Amino acid sequence: MTLTPPRLDVPTENRAVPRSLWSMAFTELWERFSFYGLQGILSFYLLYSLDKGGLDLGPAASSGIVGAYGGAVYLAQLVGAWIGDRLVSPKYVVLWGGIIIACGHVTLAALSGLTGLGVGLVLIILGTGALKTNITSIVGFMLDGHTDAKRDAGFSYFYMAINIGAVVGPLTTGFAQNQWGFHYGFGLAAIGMFAALVQYGLSMKKLPERAGQVNNPLPAGKLLAPIGYAVIAIAVIATCSLTGWLRAGNMSSVVTIAALVAAAGYFAVILSSKKVTSDEKRRVSAYLPLFLLSGIYFGFLFQKFTAISILITDRVDLEIGDWTFPVAWITALSPLSAVLITPLVARLWGRLGPRQPKPVAKFAIGLIQIGLAYFYLLVVSTVTGNATIPLLLILLFMVLAGSSEVYVGPIGLALATKIGPAKFTSQMVGLNFLTLALGSSLSGLLGQLFAEISSTAYFTIVAASAAVLGGVLLLARKPLNRWLYAGLGANGRA
């Protein structure tokens, strides 16, 4: 049998998307299964009364905790990106992050009350911080040398795997919670994380060479400084918690401020670095407004875990005959709609080629669509008044809001790995995930606002804000696109 050697003369623009990307996609699928499996029932665990197996913390405290937890998960990814860039290769940071996440889910499943909640969530925050940015960087390594269209398609399919996990996770944990209780749901999330570890372990030998290298190693003599900063940060958090300054009601505010400060610091470091060229600085500067608007967009989207969860608990009829519809299945419909629409949109981008909308226009479409989704919810809330809202109407809202994510999420991932300065690749991926930190913590603040004002006023504010911001971004798309592609040979066409 004769083996045909690989073609070495194939131009990079004609190469197919590497098959090894699917190994990372399935790893991410199982990790997201565990993460969103927990996320799908966490809000209700905090909101439900003790006789229903919950902690009965109230709407404001529950929104604060959920928003802060989600924000901290993504905020920790800046630390994970730095570790994968300066201390340990991304390949091994992903492995150890997965192990820590698995321990967090086991803790939540095994321990009841606030102790299990606190320890479990902290472990998941630390582990996810290590895993997320580094596995995305590895995918970026796999797509090096491919055209923008193929990079967008590759990241779209990677993002589709994320959303498949985000669908299947809440469906299974929601069913377990509905039938047997919350801790059985947490246990299923733990099983999902173990599956991710197995999938990743089988694929480690096939990863690109860059995945096993430290891109910008920290000199041994400078290691004491980051260790000192870590100790100080832990001491400050512990002191604030023990003194009562850091509590459920203000956690989202603290994380929002931390996310904004961290983002400002990262942008300042990148834009002032002598290692960054003038074209790279133009691209990063153009990314700044997209970063802020992405954070706001995800704040609106992630309200499914805060304000919308409160609405579901208070006003949605879940009874279908003798059967109760699992609450986690409602939020699962949001990523499911994104999964179903992703292949269609990816195929559309492929067919349009250079005629497809540029990134800024895609972001604007996503904002406008989610604004329309909240306008629809405003109409529903106004028409029903104080009466119970039919389940079908809320499910339709989830479809409208969730499908808008395909215009923002994967495009942001692709941009972060495309336009980032050569010396700050991991940090740019970390900045992209910081939009999720900002969005998660903002969703906690919005959930607290929802608990204080009328639903009509609330949905009016959210719908109008999203539509107006999307319209402004659409008007500014041409100059922003030119700056985004400065030095990359693109024509900046809108």
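Because the model is predicted, local features were taken at pLDDT of at least 70 and side-chain atom pairs at pLDDT 80 or more, whereas totals for chains, interfaces and linings use all residues. Residues are numbered from 1 along each chain as its sequence is written, and side-chain values use heavy atoms, with hydrogens and water left out.

The chain contains 17 helices and 2 strands, assigned as DSSP runs (helices, H or I, at least four residues; strands, E, at least two) and numbered from the N terminus. Its radius of gyration, taken over C-alpha atoms, is 22 Å, close to the 23 Å given for 494 residues by the globule rule (2.2 Å times the number of residues to the power 0.38), so the chain is as compact as a globular protein of that length. Of these 494 residues, 53% count as buried, that is, under 20% relative accessible area with a 1.4 Å probe and protein chains only.

Across the whole structure, 26 aromatic pairs were found, a pair being rings of Phe, Tyr or Trp (its six-membered ring) with centres within 6.5 Å. In one of these, the ring centres of F267 and F291 lie 5.5 Å apart with planes at 75°, so the pair is edge-to-face (over 60 degrees). F267 belongs to helix 8 (residues 251-272) and F291 to helix 9 (residues 278-301), so the pair ties together parts that are 24 residues apart in sequence. F267 is buried at 6% relative accessible area, and F291 is likewise buried, at 2%. One aromatic cluster is formed by F35, Y36, Y69, Y74, Y297, F298, F302 and F305.

Conventions: Buried < 20%, exposed > 50% of the residue type's maximum accessible area, 1.4 Å probe, protein only. Phe/Tyr/Trp six-rings, centres within 6.5 Å; stacked < 30°, edge-to-face > 60°.
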